[in-house]
Amino acid sequence: MSARTERRSFLAAPASLLPPAVEAGAGGRARASAGDVEERLREACAAIPGRIVFTTSFGLEDQVLTHVIARSGLGGRISFVTLDTGRLFPEVYDLWAQTEERYGVSIQAHLPRADDVERLVRDQGINGFRISPEARKACCAVRKLVPLDQALQGASGWITGLRADQSHARADTSFMEEDAQRGLLKISPLHDWSRERALEFAQGHDVPLNPLHERGFVSIGCAPCTRAIAPGEPERAGRWWWEQDAAKECGLHVGSDGRLVRARAVEATS
Ligand code: SF4
């Protein structure tokens, strides 16, 4: 298999791999349905009276959710937010602009505090996150966790693109969970979707995607902390690949013990 063919295999989903929820559309092209996701989003909006925030990092799953939220008319109820760490790939900024234009939405950026970044860089250097897991977590705290807390301030609901089969650490992800630490309900409408289904949906609905996906970047975070993965490697193997910790999380969704941050799953109808 050539390198080019191997790279394509990240995007190609053989028909035999497609789950039953992927329907045959007009012209015979397989087309994944958004029905269940739209229903779940509506259910969440009905169940949560206050502000609901959707945090996107412009990955495949987030782009699928952006499409469904915007096209279902729920954009007025759900705020689009992204965490601009200052270390993102140029392709992410291009996709950000393209997504806003395509869907007519405004995606609010939350940036790290300038004084925190200055202190961090002074203490550990501009790429000091490679020194140790602690240094890396300190960088993620400044560039991601503080801005996330700011983004979720006053929110009652938090929509994420998590899928349970992304990694062992995310295996227990369910549709609606109580995030006791942040005092809100965390919603993962794609919790039971496979990557193949998300990809099929995106391709079938012409959802703009990060071109890095075609080059083997499956889970995309900050540029210096993300590499392409080889066929057969776990989805999140390209994140902080120099660390041995299999959890591969930055703290947005798991605690320091590597377990998902949650109190309990909330009973839901889907
Ligand atoms: S992913 Fe890397 S650059 Fe981004 S915040 Fe974490 S350690 Fe820092």
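**Entry 1: F217**

I began by looking up where F217 sits in this predicted model, and I found F217 in the loop between α7 and β9, the latter being residues 264-265. Is F217 buried or exposed? I counted the C-beta atoms around F217 and found 22 others within 10 Å; since 20 or more is the cut-off for a buried residue, F217 is buried. I then looked up the pair F217 and A237, which are 20 residues apart in sequence, and I noted that their C-alpha atoms lie 9.9 Å apart in space.

**Entry 2: helix α7**

Next I turned to α7, the helix that covers residues 195-204, and I noted that the helix is mostly covered, with seven of its 10 residues buried. Which residues of α7 are buried? I listed R195, R197, A198, L199, E200, F201 and A202. After α7 comes D206, and for D206 I wrote down a positive phi, near 55°.

**Entry 3: α3 against α7**

I reminded myself that two packed helices are described by the angle between their axes and the distance between the axes. For helix α3, residues 60-71, and α7, I found that the axes come within 9 Å and cross at roughly 50°. That angle is why I call α3 oblique to α7. I also looked up the handedness of the crossing of α3 and α7, which is left-handed.

**Entry 4: strand β6 and its neighbours**

I then moved to strand β6, which runs over residues 155-159, and I saw that four of its five residues are buried, so that I describe the strand as mostly covered. How many bridges join strand β3 to β6? I found four, with β3, residues 51-55, running parallel to β6. Within this part of the sheet I looked for the residue that stands opposite V53, and I found W158 in β6. I also noted that β6 pairs with strand β8, residues 184-187, in the parallel sense over three bridges. For G157 I looked up the bridge partner in β8, and that partner is L185.

**Entry 5: around the ligand**

Last, I looked up the shell of residues around the ligand, which has 13 members, and I wrote down the ones that come nearest: C139, C140, R143, C222 and C225. What classes of residue make up the shell around the ligand? I sorted the residues by class and noted seven nonpolar, two polar and four charged ones.

Conventions. Residues are numbered from 1 along each chain as its sequence is written. This is a predicted model: local features need pLDDT of at least 70, side-chain atom pairs count only at pLDDT 80 or more; totals for chains, interfaces and linings use all residues. A residue is near a molecule or strand if its C-beta atom, placed from the backbone, lies within 6 Å of it. Ala, Val, Leu, Ile, Met, Phe, Trp, Tyr, Cys and Pro count as nonpolar, Asp, Glu, Lys and Arg as charged, and the others, Gly among them, as polar. A residue is buried if 20 or more other C-beta atoms lie within 10 Å of its own, exposed if 12 or fewer, and partly exposed in between; C-beta atoms are placed from the backbone. Helices (H or I, at least four residues) and strands (E, at least two) are DSSP runs, numbered from the N terminus. Two strands pair if DSSP finds at least two bridges between them. Axes are lines fitted to C-alpha atoms, for helices over the stretch in contact, and angles run from 0 to 180 degrees between N-to-C directions. Angles under 35 degrees count as roughly parallel, over 145 as roughly antiparallel, 65 to 115 as roughly perpendicular and the rest as oblique. A crossing is left-handed if the near helix is turned anticlockwise from the far one by less than a right angle, and right-handed if clockwise.
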